[in-house]
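Try each task before reading its solution.

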Amino acid sequence: MDSANLVALSPTNALDERNIFAELESLELPLGTTLRSVYDDQPNAHKRFMEKLDVRIRNHDREIEKMCNFHHQGFVDAITELLKVRADAEKLMVQVTDTNRRLQDAGKEVTAQTEEMIRCRVQQRNIATTVEKLQLCIPVLEMYSKLKEQLDSKRYYAALKTMEQLENIYIPRVSKYKFCQIMAETLPKLREEIKEISMSDLKDFLESIRKHSDKIGETAMKQAQQHRTFNSAVQKQASMGYGKPLYRLNGKASSPQNGVDEEEEHDDEVLTAQDLVDFSPVFRCLHIYTVLSDRETFENYYRKQRRKQARLVLQPQSSMHETVEGYRKYFNQIVGFFVVEDHILHATQGLVTRAYIDELWNMALYKIIAVLRTHSSYCSDPDLVLELKNLIVIFADTLQGYGFPVNRLFDLLFEIRDQYNETLLKKWAGVFREIFESDNYSPIPVENEEEYKTVISRFPFHDAEIEKQQFPKKLPMSQSVPQVYIQVKEFIYASLKFSESLHRSSTEIDDMLRKSTNLLLTRTLSSCLQNLIKKPHIGLTELVQIIINTTHLEQACKYLEDFITNITNVSPETIQTTRLYGLSTFKDARHAAEGEIYTKLNQKIDEFIQLADYEWTMSESDGRASGYLMDLINFLRSTFQVFTHLPGKVAQTACMSACKHLSTSLTQMLLDSGLKQISMGAIQQFNLDVIQCELFASSEPVPGFQGDTLQLAFIDLRQLLDLFMVWDWSTYLADYGQPTSKYLRVNPSTALALLEKMKDTSKKNIIFSQFRKNDRDKQKLIETVVKQLRSLVNVMSQHT
């Protein structure tokens with residue numbers, strides 16, 4: 001049927017089918033279009049197409065089979081040849097491996113020589129590089145050597161030029177080398193050295209003006225004294241601002257209204273500042289620094305040195321207050337200093353400025369006023385006070401003529417009354433000393449209501465508990481407290497007598513009184529208290545009473561404030577009101593007394609410790625604590641009972657300080673270098689004493705300690721003794737350095753020092769005489785512990 005169908009196909013249909021097969025086999029056109037043409041033809045076209053497709057597939061299969069049959073024998077032959085080649089390849093691989101091994105063995109010497117040649121070539125290249133770099137470095141070194149020669153020959157300008165060449169030309173070429181970096185770091189130092197050397201002329205100038213300031217100031221003040229008739233004109237100029245002075249050091253008046261014949265003024269030749277001092281060095285040095293583009297450094301240096309000289313000038317001699325000449329010399333030096341600065345201001349361009357001089361003058365004015373306030377207080381002679389006032393007026397006139405504001409100096413004239421207050425302070429210092437010397441430092445006894453009222457009328461004391469007590473009773477302070485309070489009020493009255501004559505306002509008088517009272521409290525009374533506390537005959541009982549006294553005096557300060565307020569009628573709420581500094585005075589005195597208590601208590605402990613007489617070689621303890629220690633503890637108990645009236649913190653601090661000092665002293669006794677050997681019996685006896693100390697600490701000799709706080713003062717000593725008593729070295733060494741260690745507070749060096757004393761060093765040690773015979777293992781153990789302790793000590797010292 002297939003044949004019939006094929007025969008029945010028309011030539012046209014056969015051509016179409018061939019085209020379809022060609023398209024399917026070529027895959028050049030989309031298959032969708034080709035397949036659609038098969039289905040879109042006659043009704044039976046699809047069936048015929050499939051039959052034809054099967055025929056074509058069978059034809060292709062036959063062709064493929066023929067091709068495979070044709071090439072099969074060649075494929076088999078190729079596989080056979082390949083199997084033969086594999087055996088030959090294996091043989092060749094063995095031969096190549098053997099040849100490679102023999103080649104490697106033969107090439108070892110060549111390789112070594114090649115590596116040596118490479119190293120030689122590298123060395124040669126390095127040498128060439130080194131020579132090349134040295135050729136770059138040698139000019140730098142030559143220039144630096146030249147710089148050194150120039151510095152040695154003091155050719156500083158040439159040296160600066162050489163430095164510039166080094167920095168800009170030579171060093172940048174080899175800047176990566178360390179010596180060049182060091183050289184570059186050295187150049188600024190050398191430049192600074194040149195600057196310092198160039199200032200030698202300036203230093204000579206500064207020394208010259210320091211020596212001649214007195215004469216310059218004297219000349220200026222003489223001229224000012226001649227122009228005192230123009231005082232009103234000078235004050236007018238000062239009120240208008242800073243201007244040129246009415247007079248200069250050349251002796252020429254700037255105002256024709258002086259009414260003084262210039263020829264008469266020049267009868268005596270007046271030296272000028274230029275005649276006394278050569279100003280050229282400062283100008284030359286300024287020029288040098290300007291050329292170096294470092295003018296600012298020079299200006300700062302000059303101003304700094306002049307500030308130092310100003311401080312020296314403003315520092316008066318201690319005996320200045322004794323004569324008017326001392327004040328005159330002081331004023332001459334200050335005037336001379338500022339006359340020179342005024343000359344520099346007008347002769348240079350910006351070396352000093354008006355703002356700088358104003359700042360310097362303000363600083364000087366503050367210091368001058370402070371000095372005059374202090375030293376005028378020593379002036380007890382009215383004539384000397386008057387001469388001092390005249391000098392201050394001339395001094396102010398002179399500086400006002402150069403444009404300096406002096407209003408505060410004129411205000412100071414109203415404060416000369418301070419010398420009166422100084423006299424009062426000296427008198428009251430004697431009064432306070434007498435009060436303190438006559439005091440018995442015992443609470444004031446009052447037998448009846450009348451005595452009680454008498455005391456509280458003299459001193460503002462109020463205590464509800466004491467008021468409830470029956471007579472007779474005692475007030476906590478001693479007799480010196482109301483006496484001191486009364487004398488302070490008397491001083492205020494005495495100071496007021498002078499202040500009232502100054503025609504000042506109530507506020508100013510109030511301020512004066514408060515300042516005077518502050519001087520009395522902070523200087524006079526404070527000094528008397530400090531001296532009293534330091535006196536050797538003042539014991540612990542007296543010191544305790546002094547602390548109580550200062551506490552009550554401190555509380556009375558507010559009543560002194562009210563006392564002054566009632567006198568002056570100035571409200572204490574006024575902003576300008578000065579507060580009394582009595583609180584700090586009495587606090588400082590109280591702190592000093594507390595410190596003295598701690599010191600004396602420790603000294604007393606040391607006295608008891610010196611009575612200790614241990615038999616350090618005893619075989620066993622006495623079974624009871626040492627007598628000196630029991631006496632010491634009894635002393636401490638009775639002493640701390642006296643502290644019951646002290647503030648709790650003071651008593652606690654004293655108790656803790658005493659326990660710590662006792663613990664330290666006992667430890668030092670054990671570790672004393674003069675003590676060569678200690679027996680276990682002595683350790684046991686020492687342990688009994690420490691137990692008594694711990695029992696004392698646990699008995700709460702002073703209330704207020706929490707838990708076993710006081711016992712911690714002996715914790716270091718306790719752990720040390722426990723270590724030796726228990727002989728627990730394994731635990732100590734194993735746990736050393738750990739926060740949970742049982743013997744955390746035992747220092748290896750301390751343990752080693754004590755163990756060395758127990759070790760057989762003198763060959764006569766009693767402790768180890770027995771086990772040297774019977775227990776040599778224990779001896780070795782001790783030596784091992786000593787070695788380990790020494791190792792720990794060495795490690796600690798290395799870390800330190």
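Buried means under 20% relative accessible area, exposed means over 50%, and partly exposed is what lies in between (1.4 Å probe, protein chains only). This is a predicted model, where local features need pLDDT of at least 70 and side-chain atom pairs count only at pLDDT 80 or more, while totals for chains, interfaces and linings use all residues. Residues are numbered from 1 along each chain as its sequence is written, and side-chain values use heavy atoms, with hydrogens and water left out.

**Exercise 1. The overall picture**

Solution. 
- Step 1: The areas come from the Shrake-Rupley method with a 1.4 Å probe, and for residues only the protein chains shown count as cover.
- Step 2: take the contacts (heavy atoms within 4.5 Å).

**Exercise 2. Salt bridges inside helices**

Find how many salt bridges the whole structure has, then take apart the pairs R101 with D98, K515 with D511 and D722 with R718.

Solution. 
- Step 1: for R101 and D98, the closest N and O atoms are 2.5 Å apart. The two are separated by about one helical turn because they sit three residues apart in helix α4. R101 is partly exposed at 44%, and D98 is partly exposed at 31%.
- Step 2: widen the view around that pair. D98, R101, R102 and D105 are linked in a network of salt bridges.
- Step 3: for K515 and D511, the closest N and O atoms are 3.1 Å apart. Both lie in helix α21 (residues 506–534), four residues apart, or about one turn. K515 has 46% relative accessibility, so it counts as partly exposed, whereas D511 is buried at 18%.
- Step 4: for D722 and R718, the closest N and O atoms are 2.9 Å apart. They are four residues apart in helix α28 (residues 715–726), which means about one helical turn between them. D722 is partly exposed at 27%, and R718 is buried at 12%.

**Exercise 3. Patches on the surface**

Identify which residues make up the nonpolar patch on the surface and which gather in a patch of negative charge.

Solution. 
- Step 1: Members have over 30% relative accessible area and no salt bridge; like charges are joined within 9 Å, and nonpolar side chains (Val, Leu, Ile, Met, Phe, Trp, Tyr) within 5 Å.
- Step 2: the nonpolar patch is formed by F75, V76, I79, L82, L83 and V85, with about 560 Å² of accessible area together. F75 belongs to helix α4 and is exposed because its relative accessible area is 54%.
- Step 3: for charges, Lys and Arg count as positive and Asp and Glu as negative, with His and the chain ends not counted. A charge is placed at NZ of Lys, CZ of Arg, CG of Asp or CD of Glu.
- Step 4: the negative patch holds D613, E615, E620 and D622. E615 is in the loop between α24 (582–610) and α25 (627–642).

**Exercise 4. Apart in sequence, how far in space?**

Find the C-alpha separations for M363 and A310, D411 and I369, and K146 and A158.

Solution. 
- Step 1: M363 lies in helix α14 (residues 354–376) and is partly exposed at 26%. Its C-alpha is 9.3 Å from that of A310, 53 residues apart along the chain. Leaving out residues up to four places away in sequence, M363 touches A310 and L314.
- Step 2: D411 is part of helix α16 (residues 407–412) and partly exposed at 43%. D411 and I369 are 42 residues apart in sequence, with 9.8 Å between C-alpha atoms.
- Step 3: K146 sits in helix α4 (residues 45–152), partly exposed at 39%. The C-alpha atoms of K146 and A158, twelve residues apart along the chain, are 9.8 Å from each other.

Conventions: A salt bridge is a side-chain nitrogen of Lys or Arg within 4 Å of a carboxyl oxygen of Asp or Glu.
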